[in-house]
Amino acid sequence: MTPGTTVWDWLRRKPDTSVLEWLHRNGESVFMSVDFLLGLGAGFVTFFVADQQASLRENSLTVLLSMSGIGVAVVGFVLTAVGLLVTFMDPDYRTLLETVTSDGIQGATRPYKIASAIGGAASVSGLVGVALSQVAVDGLESTVLAVTAGLTVWAVAGTVQLVSLTLWHAGIRMRLHDAISRHAEPNEPKLPAEPDPVPNSQGS
């Protein structure tokens, strides 16, 4: 960023890599989705319960480590799903995605990237909460538990939707290959037409 250039100018000059451009393209689908709303609700509920129940705060280490493990499991599942998705990406299916969608392969893989990022964030949040467990700050334990719980529920709910998305890709690919196979089937061989009779050159 050159001197005299504001952050806003820099973001507008680099729309492909800016946070604003990413939010413009994906904000609605990410932050207005069912899985995000479930995670948000889980975070609020966890905060109020942890704030009122000392027993939950006392067992926060176990809870945080458990949610951190769930985040790692989500990342592992997403990587497996990505590996399965890659097997679908033959030239015919890639051509279909590039033709009928605006983002092509990038758009098809974006939900998997987001889900893995959320799972990783949940895992890191749990570990950070464990590291901060000895810090005596009012409301810190409840806040860390709420954030980690929200991210974990968001990641798990998003993973459930990834199952449906992966099955959808599998179904579309099968239909595409069926259509290609039917189009490529050779037609029944036709018998050559009988030649015209040779005219009789002898006089009758």
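Colleague: Which helix gives the most to the lining of the largest cavity?

Modeller: Helix 8 does, with three residues. Helices here are DSSP runs (H or I, at least four residues), numbered from the N terminus. This is a predicted model, where local features need pLDDT of at least 70 and side-chain atom pairs pLDDT 80 or more, while totals for chains, interfaces and linings use all residues. Residues are numbered from 1 along each chain as its sequence is written, and side-chain values use heavy atoms, with hydrogens and water left out.

Colleague: What counts as a cavity?

Modeller: On a 1 Å grid over the protein atoms alone, it's a set of points where a 1.4 Å probe fits but cannot get out; lining residues have an atom within 4 Å of a point.

Colleague: Which residues line the largest cavity?

Modeller: Ser60, Leu64, Gly129, Leu132, Ser133, Val135, Leu140, Glu141 and Val144. Helix 5 (60-88) and helix 8 (140-184) are the elements giving two or more residues each.

Colleague: Now Ser125: buried or exposed?

Modeller: Buried means under 20% relative accessible area, exposed over 50%, partly exposed in between (1.4 Å probe, protein chains only). Ser125 comes out at 13%, so Ser125 is buried. Ser125 sits in helix 7 (residues 104-131).

Colleague: What does Ser125 touch?

Modeller: Contact means heavy atoms within 4.5 Å. Leaving out residues up to four places away in sequence, Ser125 touches Val144, Val147, Thr148 and Leu151.

How values were computed
On a 1 Å grid over the protein atoms alone, a cavity is a set of points where a 1.4 Å probe fits but cannot get out, and a pocket is an open set with protein on both sides within 12 Å along at least five of seven lines; lining residues have an atom within 4 Å of a point.
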